[in-house]
Amino acid sequence: MVTNQASMKRNGIQDYVTLRASAAVISAFTIFMVYFFIATPEITYTVWQGLFASIYMKAFTLITLLAILMHVRIGLWQVLTDYVKPHNLRMGLQFVLNLMAFAYVAVGLFVLWGV
Amino acid sequence: MKKQRPVNLDLTTIELPAAGKASILHRVTGVAMFFALVFVIWAWATSLGSEADFQMVKDVLNGPFGYLVALGTLSALSFHLIGGIRHVIMDMGYWEELHSGNLSANIAIGGWVVLTVVLGVILW
């Protein structure tokens, strides 16, 4: 019997769609960065800084970081649910890992702000 | 339920099928990338700071530690991406049978190993 609903409640369809939609965004960013590294003859500081100074790239990067946040929230939950059985330990780990994912977005936001 | 069941704990005689290996690799690479992001975001954030910081990150990436972390991260990313594409194809109803599932898993793992070697040479 499920005695603690707080750790069980989950919307499977929403998770399924979010996982794939965020994966598509992250893949697009990956493909773009691979193209950038291949197509740019020499990546200097000026070129690198100029890339992220563009408002389009700022938006693309922030959206990708948010997609990573949504993707790992689901992915790490799946992994933790399968391998970490003690409820309190799992919740603790989930809290710390989700906090890390939030920190990635926060750091990214301020880096993009400053470029 | 019968209590006295035969137990096989000789791990050298047990092997995951290819689809199982692809599944666990997908998880391992995903978790690995989550932690690798600490390094990736550090390198990205620092390199955008100033000309000198950019050079410093470049030197770190050209060193043995930076090489290993960069290669490990890109290798994990490539398997996760290949495995993810395989999953989406399976969502559409293909490669769900025993034979096709294991074959696509083997091709995914084989392609990933080749890609990792190529990446290792490019980054060297």
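Biologist: Which residues of helix 3 of chain A meet helix 1 of chain A in this predicted model?
Modeller: In this predicted model, the contact is listed residue by residue from both helices. Helix 1 of chain A contributes D15(A), T18(A), L19(A), S22(A), A23(A), V25(A), I26(A) and F29(A). On the side of helix 3 of chain A, the partners are F60(A), I63(A), T64(A), A67(A), I68(A), M70(A), H71(A) and I74(A).

Biologist: By class, how many nonpolar, polar and charged residues has the contact of helix 1 of chain A with helix 3 of chain A?
Modeller: Both helices are counted together here. Among the residues that meet are L19(A) and I68(A), as well as D15(A). By class, the contact has 11 nonpolar, 4 polar and 1 charged residues.

Biologist: Are helix 1 of chain A and helix 3 of chain A parallel or oblique to each other?
Modeller: The axes of these two helices lie 8 Å apart, and the packing angle is about 140°. Only angles over 145 degrees count as roughly antiparallel. The crossing is left-handed. The two helices are therefore oblique.

Biologist: Is the crossing of helix 1 of chain B and helix 4 of chain B left-handed or right-handed?
Modeller: These helices pack with axes 7 Å apart, at an angle of about 50°. That angle makes helix 1 of chain B oblique to helix 4 of chain B. Where helix 1 of chain B passes helix 4 of chain B, the crossing is left-handed.

Biologist: Which residues of helix 4 of chain B make the contact with helix 1 of chain B?
Modeller: By class, this contact has 7 nonpolar, 3 polar and 1 charged residues. Helix 1 of chain B supplies A18(B), A19(B), K21(B), A22(B) and L25(B). The residues from helix 4 of chain B are G101(B), N102(B), A105(B), N106(B), A108(B) and I109(B).

Biologist: Leaving aside its neighbours within four places in sequence, with which residues is A108(B) in contact?
Modeller: A108(B) is among the residues of helix 4 of chain B that make the contact with helix 1 of chain B. Contact here requires C-beta atoms within 7 Å. With sequence neighbours within four places left aside, the partners of A108(B) are A22(B), I82(B), G83(B) and R86(B).

Biologist: Which residues have the most contacts inside the largest nonpolar core?
Modeller: In soluble globular proteins, nonpolar side chains tend to be buried together. The largest nonpolar core here has 19 residues. The elements giving two or more residues to this core are helix 1 and helix 3 of chain A, with helix 1, helix 3 and helix 4 of chain B. The residues with the most contacts inside the core are I68(A), M33(B), F34(B) and A108(B).

Biologist: Which element gives the largest share of the side of chain B that touches chain A?
Modeller: The contact between the chains takes 17 residues from chain A and 15 residues from chain B. On the side of chain B, two or more residues come from each of helix 1, helix 2 and helix 3 of chain B. By class, that side has 10 nonpolar, 3 polar and 2 charged residues. Its largest share, 8 residues, comes from helix 1 of chain B.

Biologist: Is helix 4 of chain A roughly parallel or roughly perpendicular to helix 1 of chain B?
Modeller: Y104(A), V107(A), G108(A) and V111(A) of helix 4 of chain A meet L37(B), I41(B) and A45(B) of helix 1 of chain B. The axes come within 11 Å and cross at roughly 10°. Angles under 35 degrees count as roughly parallel. Helix 4 of chain A and helix 1 of chain B are therefore roughly parallel.

Biologist: Is Y83(A) buried or exposed?
Modeller: Y83(A) belongs to helix 3 of chain A. Because Y83(A) has 9 other C-beta atoms within 10 Å, Y83(A) is exposed.

Biologist: What is phi of W95(B)?
Modeller: W95(B) is placed in the loop between helix 3 and helix 4 of chain B. With 19 other C-beta atoms within 10 Å, W95(B) is partly exposed. Phi has a positive value in this residue, which is other than glycine, and is near 55°.

Note on methods: Residues are numbered from 1 along each chain as its sequence is written. Chains are lettered from A and ligands numbered from 1 in the order in which they are written. This is a predicted model: local features need pLDDT of at least 70, side-chain atom pairs count only at pLDDT 80 or more; totals for chains, interfaces and linings use all residues. A nonpolar core is a set of buried Ala, Val, Leu, Ile, Met, Phe, Trp, Tyr and Cys residues joined through C-beta atoms within 7 Å. A residue is buried if 20 or more other C-beta atoms lie within 10 Å of its own, exposed if 12 or fewer, and partly exposed in between; C-beta atoms are placed from the backbone. Helices (H or I, at least four residues) and strands (E, at least two) are DSSP runs, numbered from the N terminus. Two residues are in contact if their C-beta atoms, placed from the backbone, lie within 7 Å. Ala, Val, Leu, Ile, Met, Phe, Trp, Tyr, Cys and Pro count as nonpolar, Asp, Glu, Lys and Arg as charged, and the others, Gly among them, as polar. Axes are lines fitted to C-alpha atoms, for helices over the stretch in contact, and angles run from 0 to 180 degrees between N-to-C directions. Angles under 35 degrees count as roughly parallel, over 145 as roughly antiparallel, 65 to 115 as roughly perpendicular and the rest as oblique. A crossing is left-handed if the near helix is turned anticlockwise from the far one by less than a right angle, and right-handed if clockwise.
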